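Notebook open. Today I look up charged side chains that pair up.

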Amino acid sequence: VAAYRGTAFTLALFVSFLFALVSAWQLKRVVARQQEQIEQLEKRLATAPKEPPPSRPCECGPAAGDPTAGLAPSAGSTDFPPVVAGVLHYLNVKAENVFKTILTFRHPKPDKNSLVVEIGSNDGKQALWAAQQGYRVISYEPAPAGFKRCQSLKEKAGTISGNLEFRNVAISNKPGTVYFIDNGVVSRIVNASTPGAVQVRTTTLADEIDEDVAFLKLDVEGHEMAALMGMEPLLQRRKVEFLMLEFNPTQIARHGFGGAAEVLRLLHRHNYDLYDLRLHEFQGQQVKHAVITEETKWLRPAKFDDVETFFRPAVPASPWGAWTDIFAVRRTV
């Protein structure tokens, strides 16, 4: 019996290893053959109907006097299907592994002039990893307790081949202040009356930097639209090559900057192809599977409004909402 168990365990490890190899290989192809994928996507979706404009004025546009007001879309054509494609398919690889794989394969020899920006440091480990590979990393963590944890992590890491800077400020659509709470697992914007909330300063990414960004990672617990609005000058000038963000329609709606589909429209307007990174997610008591390949159709919807609805079901599995990770690839023009 013990021998059979040992054989089964070895076989399971071998199969898992094969799956991991296939997953890494597939992701490498997505990066290395970026333009080819775009052409394949366009051919597959050539007959897809254009998404009609929203029936109401967009709530998330820049306010009067905002420095992003009147900005034109990024250079190049936006005459391509407004869809989220499920091209990345692998066995529930976490978003942080996508972050590492993209940086490894796209920029195999980074230097301190290759900038990675992380908005929402969390524990700081991904920012530290990128800096240890040789990147210059700027990571934003507005919660005072979280910022201290990140600084402590940096100090304990010792010598770093790249450069790592944590900044204690929130990235939003304009300078000002918001209230934050940090429970040690997640930090997020809350109402001023929330017990334990602390006031933090906000700014825009466009006010913080004005240079090329190899990779931008955005995870701000529903504040994604505001953060993107504040970096539109960078997107308009094609400063950001790759962008990865958490997409949670329930949380995005709570922040009052428009619906989650507006996030996708903003990126599409600035010439990004959008990909869904997750294999499955919970809806109600069921799991919706979306196992797809480049040659077959996927189960998830692709049009922006439908994607928002898909991740915001009438009976959610959790009050926190269902989410995925969106990978945005700047188109070649």
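This is a predicted model: local features need pLDDT of at least 70, side-chain atom pairs count only at pLDDT 80 or more; totals for chains, interfaces and linings use all residues.

Residues are numbered from 1 along each chain as its sequence is written, and side-chain values use heavy atoms, with hydrogens and water left out.

Next I looked at how the two side chains meet. Arg331 and Asp273 form a salt bridge, 3.2 Å from N to O. The term means a side-chain nitrogen of Lys or Arg within 4 Å of a carboxyl oxygen of Asp or Glu. Asp273 sits in strand S11 (residues 272-276) and Arg331 in the segment after strand S14 (324-330), so the pair ties together parts 58 residues apart in sequence. Strands (E, at least two residues) and helices (H or I, at least four) are DSSP runs, numbered from the N terminus.

Then I searched the whole structure. I found 11 salt bridges.

I picked out Lys217 with Glu118. Their closest N and O atoms are 3.4 Å apart. Lys217 is in strand S9 (residues 213-218) and Glu118 in strand S2 (residues 115-119), 99 residues apart. Lys217 is buried at 8% relative accessibility, and Glu118 is buried at 1%.

Which residues link up in a network of salt bridges? I noted Glu165, Arg167 and Glu208. Within it, Arg167 and Glu165 have their closest N and O atoms 3.0 Å apart. Glu165 is partly exposed, at 31%.

Note on methods. Buried means under 20% relative accessible area, exposed over 50%, partly exposed in between (1.4 Å probe, protein chains only).
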